[in-house]
Amino acid sequence: MFQTFFKPQKMNYLVKIIIWATLVATAFGAKLPPGFKKCNLKQISSQDCLPKAIESAIKQMNRPIKKLGVLGLQPLVIPSLIIDAGSQFLVAQQIYKDMKLSGFNETSCSKAEFDYKNKTLNLECVVPNFRMDFHYEIHGKVMMVTIYGNGTGWLLFHNNELGLSFKFGEYEKKGNTYFNILSQQLRMQPTDIDFDLQNLFDGDEESTLRMKKILKENALDIYNEVRAGYEEAYGKVFAYVFEKILEKVPVPEIFG
């Protein structure tokens, strides 16, 4: 089981993530699966190798990789996620349970830059249809209008630009050199958002239709107000998945 509770220092959002994961015991010094494309230190400066290698790796991680103790990404399950209210458009705490993230198999990366000296990785990727299915609870106000509900739902981010940066540390273990993640920063900016929320207002149809119209017309403004909370939360999730590989696979094996 993996748990992380954190409070962002420069925002008014309290984000809580609880991730449950059953991991297979794996020895250090593991090798990447045969299908993973590698880029040596000369190739990583070229935009031909690393973006394609990352795209390929993400698509192969649709299913769990037991030898690395990595969870599958299709879907990636988050049992609990809480994002606190904004201050203007969405004054309502968002409580999600049994959240399933999907759409990673369509990821395309236009840029991937690794700086070995400074140990940083910067990615510019797009997930055309980034989907979140969940059970939700909400109570508060949207655009000054009362909202409450408890039920199932989904969010779909279209053409979601998944800008992601990592800062690595380096350490030695059993004669091998490994990377670990010191920090990460995620940027999520969709061009449009679709959604459905079941059982708003205890099923009252008139109130539900009125609220869904408000949400649809103001979806991007509402998202941008609480965007930092989502970016902080999902950045932690993606870093956790990546860390499972880094702690098992030595640096020389990563670069072939």
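This is a predicted model: local features need pLDDT of at least 70, side-chain atom pairs count only at pLDDT 80 or more; totals for chains, interfaces and linings use all residues.
Visitor: What makes Cys 39 and Cys 49 a disulfide?

Guide: Their sulfur atoms lie 2.0 Å apart, and a pair of cysteine sulfur atoms within 2.5 Å counts as a disulfide. Therefore the pair qualifies. Cys 39 and Cys 49 both sit in the loop between strand 2 (15-19) and helix 1 (50-60), 10 residues apart. Both cysteines are buried, and their link is left-handed, with -100 degrees about the S-S bond.

Visitor: How do you know that Cys 109 and Cys 125 are joined?

Guide: The S to S distance is 2.1 Å, and the cut-off is 2.5 Å, so Cys 109 and Cys 125 form a disulfide. Cys 109 and Cys 125 are buried.

Visitor: Why is the disulfide of Cys 109 and Cys 125 called right-handed?

Guide: Because the torsion about its S-S bond is about 95 degrees.

Visitor: How many disulfides does the structure hold, and what pattern do they follow?

Guide: There are 2, and with bonded cysteines counted along the chain the pattern is 1-2, 3-4.

Visitor: Why is Asp 204 called partly exposed?

Guide: Its relative accessible area is 36%. Buried means under 20% and exposed means over 50%, so Asp 204 falls in between. Asp 204 is found in the loop between strand 9 (192-197) and helix 2 (205-217).

Visitor: Which residues form the negative surface patch?

Guide: Asp 202, Asp 204, Glu 205 and Glu 206 form it. Asp and Glu count as negative, which means that the patch is a negative one.

Note on methods:
Residues are numbered from 1 along each chain as its sequence is written. Side-chain values use heavy atoms; hydrogens and water are left out. Patches are made of residues with over 30% relative accessible area and no salt bridge: like charges are joined within 9 Å, nonpolar side chains (Val, Leu, Ile, Met, Phe, Trp, Tyr) within 5 Å. Accessible areas come from the Shrake-Rupley method with a 1.4 Å probe; for residues, only the protein chains shown count as cover. A salt bridge is a side-chain nitrogen of Lys or Arg within 4 Å of a carboxyl oxygen of Asp or Glu. The place of a charge is taken as NZ of Lys, CZ of Arg, CG of Asp or CD of Glu. Helices (H or I, at least four residues) and strands (E, at least two) are DSSP runs, numbered from the N terminus. Buried means under 20% relative accessible area, exposed over 50%, partly exposed in between (1.4 Å probe, protein chains only).
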